[in-house]
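Q: Please take a close look at one residue in this structure, then go on to its surroundings and the rest of the chain. Give the cut-off for each term where it comes up.

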Amino acid sequence: MNATDRARWSVTAVFFVNGCLVSSYLARIPSIKVEHQLSESQLGIILTLFGAAALVSMQFVGSLVARSGSRRLIQVGLAALPILLAGVGLARNPVQLGIAVLLMGLVHGAVDVSMNAHAVAVERLREKPILNGCHAAWSVSAVLASLVSAAVTRAGVGIGAQFLVVAAVLLIAGQLATRNLLPSEADRSGTSNGEQRTGWKSGWTRPVLILGAMGFVVMIGEAAVISWSGVLLHESRGADLATAGLAFTAYTACQAAGRLIGDRLTERYGAAAVFRIAASVAVIGLAVVVAVPLWWMSIAGFGLVGLGGSVLLPLIFSAVGREGGTAAATAVSRLTTFTYAGVLIGPAVVGWIAAAAGLIWTFTGLLPLLAGVAVNSRLLTRQGSGNKEADAQLVAYPGSGG
């Protein structure tokens, strides 16, 4: 296995470790609420702190990667995140909890951008798609962390004890995962001071804005399914509470399955074709959900939404990385601004519209948005103006052959 292939598996492992860390925290949110006796509004503030902090850090990570490379940021981030996760578990009051969650959000935002930027660099160097596999690793780790958290919660294990053990294990795993990443020179801009501006105002190019808007729509849809699919089945399709939870299960299982084969499909048929067909499958699945008043058909429909939507965000990340040229990390950080915004506001927007029009009509309103994403699949074939310079820089990395 050559150095580039090792880097591919290394960055995939980074996605897996990051998914375990973040999902371990997310899966214990109900327990955190009970342990700290938080009201709904207090919990809402805590949850907002994480997402808002991640959004803020994302605005500056691109410039840091351009100066230092993504490898260093990933290594530092995967060392800090386990410690901060332990801090969340050991917090004794809401103030300490809020500070720990805030810091964890800041570091996670930096790691999120850095690992996606690194994956883009590896993908360009290998000249083969890998983003779907990386995001599949995150999805699988999220499921694994959720199952572990459910088991330890049922066993009566406290948050502090669980997070300490998870932090210790993932601190070691994270450092092992980063050993074979590309060197810092692989995605560092290599420009002298003032030659290339990579501050928080840079990177907002027209292609990035358009692709970011597409990513925003994709994440609005994902947030809507994750937060409201069970409610729709229970309140609008007559499913009992246990059955209603199967909508999310079908969605996530099909999403993980789609991402596991997404890179091979992209390599064989091209990004634009895979994106267009996948988005169309998601539209068909959502149409089944809103048009067929049977709970089991709705579950099948949400499964199709997960299968079709699985490859959309990884392919958008890949396209943004190409558009960014030598400033790929900055472009990726701008995209993550859109995607995180979709995750943050999606559930609330769906709730507001559903209160006025009902959940069925709200999900129906997502159909033309997803259809618009499918229509713009041609943007996935664009090549950024900086590609030649970036490719030359990456090819200079020793061990990139093969």
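A: S31 is in contact (heavy atoms within 4.5 Å) with T153 and I159, once neighbours within four places in sequence are left aside. The model is predicted: local features need pLDDT of at least 70, side-chain atom pairs count only at pLDDT 80 or more, and totals for chains, interfaces and linings use all residues. Residues are numbered from 1 along each chain as its sequence is written, and side-chain values use heavy atoms, with hydrogens and water left out.

S31 lies in helix 2, residues 29-35. Helices (H or I, at least four residues) and strands (E, at least two) are DSSP runs, numbered from the N terminus. With a relative accessible area of 19%, S31 is buried; buried means under 20% relative accessible area, exposed over 50%, and partly exposed in between, for a 1.4 Å probe and protein chains only.

I32 is one of the residues in contact with Y25, among those beyond four places in sequence. Y25 and V88 have the most contacts inside the largest nonpolar core, which has 80 residues. A nonpolar core is a set of buried Ala, Val, Leu, Ile, Met, Phe, Trp, Tyr and Cys residues joined through side-chain atoms within 4.5 Å. Helix 5, residues 94-126, gives this core its largest share, 14 residues. A separate, second core has 25 residues, including A244, Y251, V290 and V305. In soluble globular proteins, nonpolar side chains tend to be buried together.

Elsewhere, S298 is in helix 12 and is buried because its relative accessibility is 0%. Not counting residues up to four places away in sequence, S298 touches L233, R237, V289 and V292. T249, in helix 10 (residues 246-269), is partly exposed because its relative accessibility is 42%. Its C-alpha atom is separated by 9.9 Å from that of G230, 19 residues apart along the chain.

There are two aromatic pairs. Rings of Phe, Tyr and Trp (its six-membered ring) pair if their centres lie within 6.5 Å; planes under 30 degrees apart count as stacked, over 60 as edge-to-face and the rest as tilted. F302 and F363 form an edge-to-face pair, 6.0 Å centre to centre with 75° between the planes. This pair joins distant parts of the chain, 61 residues apart: F302 is in helix 12 (residues 295-309) and F363 in helix 15 (residues 359-375). F302 is buried at 0% relative accessibility, and F363 is buried with a relative accessible area of 1%.

The charged end of R8 sits over the ring of W9, 4.3 Å from its centre; the rule asks for NZ of Lys or CZ of Arg within 6 Å of the ring centre and within 35 degrees of the ring normal. Disulfides, defined as pairs of cysteine sulfur atoms within 2.5 Å, number zero. C20 is buried at 8% relative accessibility, and C134 is buried at 0%.

For the whole protein, there are 16 helices and zero strands. Of its 402 residues, 55% count as buried. Among contacts between residues at least 6 apart in sequence, 85% join residues at least 24 apart.
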